[in-house]
Amino acid sequence: MSNETIIWFFNILVYGFCYSSVLSYILSLFKSKKVKLLNDSFYNYSIKTIRIIAIFYFFYYLFSTIYFYSTEENTFFSNRATGPYWWAYWIMLLRPFIFCLLIQLFWFKRFQRKNFLNFILILIIFIIVLASGPNLERYIIFITSWHRDYAPNNFEIDGVEYNLVFILFLGIIERLLIYSGLVFLVRFISLRANK
């Protein structure tokens, strides 16, 4: 498995956590006792799962970054880190460290309960995840292409908006399903271990 595939999988899990947490807050508005009980159980196992995933992600990203910049790529590092779009490169490079550290706040009881502080923390993680990574990378590629005039002259985007919304919706569903499956697997293993 390549480095990009592993990081892609970790990113999917963090996206899935954010989406499932927002969905959990929406489900907590229902009055049914059964729905609330299932929702709270899922949310608790979701927090347990993401804390452990964030630790693995942090160390994997740290070691892969150190390895990457200790090879011949270090000459490109100075160009990217000090070029005209240096701010985006540093955001892209430090993003996993930031949200892994924010996720570690869930070890404290105050952040584990569903309250306003917990919701704000989840929204901050969600915004960092959405506004960085592949999305920021696409932005930089698009802007530098226009900046350096690499775009074709007859650049048309008719009908692309509908495809982008459909692809975005499928991506959200995919991430929710992958992360929810992992949470149910952790719950199953945890219940088996307790017996």
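Is Asp40 buried, partly exposed or exposed, and what is the relative accessibility of Asp40? At 38% relative accessibility, Asp40 is classed as partly exposed, where buried denotes under 20% relative accessible area, exposed over 50% and partly exposed the range in between (1.4 Å probe, protein chains only). The model is predicted, and local features therefore require a pLDDT of at least 70, side-chain atom pairs count only at pLDDT 80 or more, and totals for chains, interfaces and linings use all residues. Residues are numbered from 1 along each chain as its sequence is written, and side-chain values use heavy atoms, with hydrogens and water left out.

The protein chain contains 8 helices and 0 strands, in the order α-α-α-α-α-α-α-α along the sequence. Helices (H or I, at least four residues) and strands (E, at least two) are DSSP runs, numbered from the N terminus. Of the 195 residues in the protein chain, 34% are buried.

The largest nonpolar core comprises 37 residues, a nonpolar core being a set of buried Ala, Val, Leu, Ile, Met, Phe, Trp, Tyr and Cys residues joined through side-chain atoms within 4.5 Å. Two or more residues of this core are supplied by each of α1 (3-27), α2 (33-69), α4 (86-103), α6 (116-130) and α8 (160-194). Helix α2 provides the largest share, 10 residues. The residues with the most contacts inside the core are Val14, Phe17, Tyr57, Phe99, Ile103, Phe106 and Ile125. In soluble globular proteins, nonpolar side chains tend to be buried together.

Two residue pairs illustrate contacts across the sequence. Ile7, in helix α1, is buried at a relative accessible area of 14%. The C-alpha atoms of Ile7 and Tyr60 are separated by 8.4 Å, although the two residues are 53 residues apart along the chain. Leu130 belongs to helix α6 and is partly exposed, with a relative accessible area of 34%. Between Leu130 and Cys18, 112 residues apart along the chain, the C-alpha separation is 9.9 Å.

A search of the whole structure returned 1 salt bridge, defined as a side-chain nitrogen of Lys or Arg within 4 Å of a carboxyl oxygen of Asp or Glu. The side chains of Lys114 and Asp40 form this salt bridge, at 3.9 Å from N to O. Lys114 lies in the loop between α5 and α6 and Asp40 in helix α2, so the pair ties together parts that are 74 residues apart in sequence. Lys114 is partly exposed, with a relative accessible area of 26%.

Surface patches were also identified. Patches consist of residues with over 30% relative accessible area and no salt bridge, like charges being joined within 9 Å and nonpolar side chains (Val, Leu, Ile, Met, Phe, Trp, Tyr) within 5 Å. Accessible areas come from the Shrake-Rupley method with a 1.4 Å probe, and for residues only the protein chains shown count as cover. A nonpolar patch is formed by Trp86, Trp87, Trp90, Ile91, Leu94 and Ile98, with about 550 Å² of accessible area together. Within this group, Trp86 is located in helix α4 and is partly exposed at 46% relative accessibility.

Lys48, Lys109, Arg110 and Arg113 make up a positive surface patch. Lys and Arg count as positive and Asp and Glu as negative, whereas His and the chain ends are not counted; the place of a charge is taken as NZ of Lys, CZ of Arg, CG of Asp or CD of Glu. Arg110 is situated in helix α5 (residues 109-112) and is exposed, with a relative accessible area of 56%.
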